[in-house]
Amino acid sequence: MGTVTYPNPGVAKFVDLNFIPVQVEVSNKELMQKYNVSWTPTILVLDADGKEHYRSVGFLPPDTFIATFELGKARYYLDLEQYAEARAVLEELVTRCPVPEVMPEAIFFQGVAAYKHTHDPKPLRAVYDTLTAKYPQSEWAKRAEPYKLIPA
Amino acid sequence: MDILCNKYNDVENLLSQITGKLAILSEKNHIKEQVQKGPPLVFSVRMIKLRKISGKRSQTGAAFIRKGATLMAMHVCWVDNLAKAQETARKTNKPILLDFFNPQ
């Protein structure tokens, strides 16, 4: 990460605009134990109270890193019940930054955020339809399967 | 030319370290104000001119930053103190990105 991803100007700009970036070495046993980290790189998205909202383990190239942590930011907003913000981030991610590895999960949570925001279940059905059409082999298509019972 | 500046550091000192020259900010207040506002944390400064400093001929010149310098990130400005980051996160309503890394 330190030689490929973090020196990338797009990654730097993304991180500085969207996060407070903190780096700790594995020698920090206290934080390693607190967050149950056993492998590097492990990157977490936390809130101001130090509560974890998203986690990524393993190397990510620059484009995937940005898409992954756009999703992480959306999950943070979703957990904090800031649904409008979560939807805006996910919409941007799904429409403008189509990194295939991240898309199924982004589409899934786009539907979740829309449902939580509006209490209208139709976006969940749309999630099922989109995932089965575009990413039928993804785990997120399977997780969305119950939504096929929602009338279209 | 792009120059990095971290909000946790003094603007002129950091510019001096990077350029190896005495840094003089023509729009010091403007830049300091932006630093104090918080993110973006990193300054990219364009249109640098060299000029001689009166009475300091041994200096090779000064980094002179014009008004309207562009701001953008050049690399990630990590902090190593989670408690401090939590404080900043509380003020800015931004999430924390916590990276566990192995330096070896």
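Predicted model: local features only at pLDDT ≥ 70, side-chain atom pairs only at ≥ 80, totals over all residues.
1. A residue is counted here as buried if 20 or more other C-beta atoms lie within 10 Å of its own. By that criterion, five of the six residues of β4(B) are buried, so this strand is largely enclosed by the rest of the structure.

2. β4(B) belongs to an open sheet of four strands with mixed pairing, in the order β1(A)-β4(B)-β2(A)-β3(A). The edges are formed by β1 and β3 (52-57) of chain A, each of which pairs on one side only. Direction ignored, neighbouring strands of this sheet are turned by 20° against each other on average.

3. The parallel partner. Strands of a sheet pair through backbone hydrogen bonds, in either a parallel or an antiparallel sense. Strand β1 (residues 20-25) of chain A runs parallel to β4(B), and six bridges join the two. Along this pairing, Val22(A) stands opposite Leu98(B), Gln23(A) is opposite Asp99(B), and Glu25(A) is opposite Phe101(B).

4. The antiparallel partner. Strand β2 (residues 42-46) of chain A pairs with β4(B) in the antiparallel sense, over five bridges. In this pairing Val45(A) stands opposite Leu97(B) of β4(B).

5. The helix. α3(B) lies across β1 of chain A together with β4 of chain B. Relative to β1(A), the helix α3(B) runs at about 170°.

6. The contact between the chains. In total, 29 residues of chain B are in contact with 35 residues of chain A. On the chain B side, α3 (82-92) and β4 (96-101) each supply at least two of the residues that touch chain A. This side of chain B divides into 21 nonpolar, four polar and four charged residues.

Conventions. Residues numbered from 1 in each chain as written. Chains lettered and ligands numbered in written order. Contact = placed C-beta atoms within 7 Å. Nonpolar A, V, L, I, M, F, W, Y, C, P; charged D, E, K, R; others polar. Pairing = 2+ DSSP bridges. Buried ≥ 20, exposed ≤ 12 C-beta atoms within 10 Å, placed from the backbone. Axes fitted to C-alpha atoms, helices over the stretch in contact; angles between N-to-C directions.
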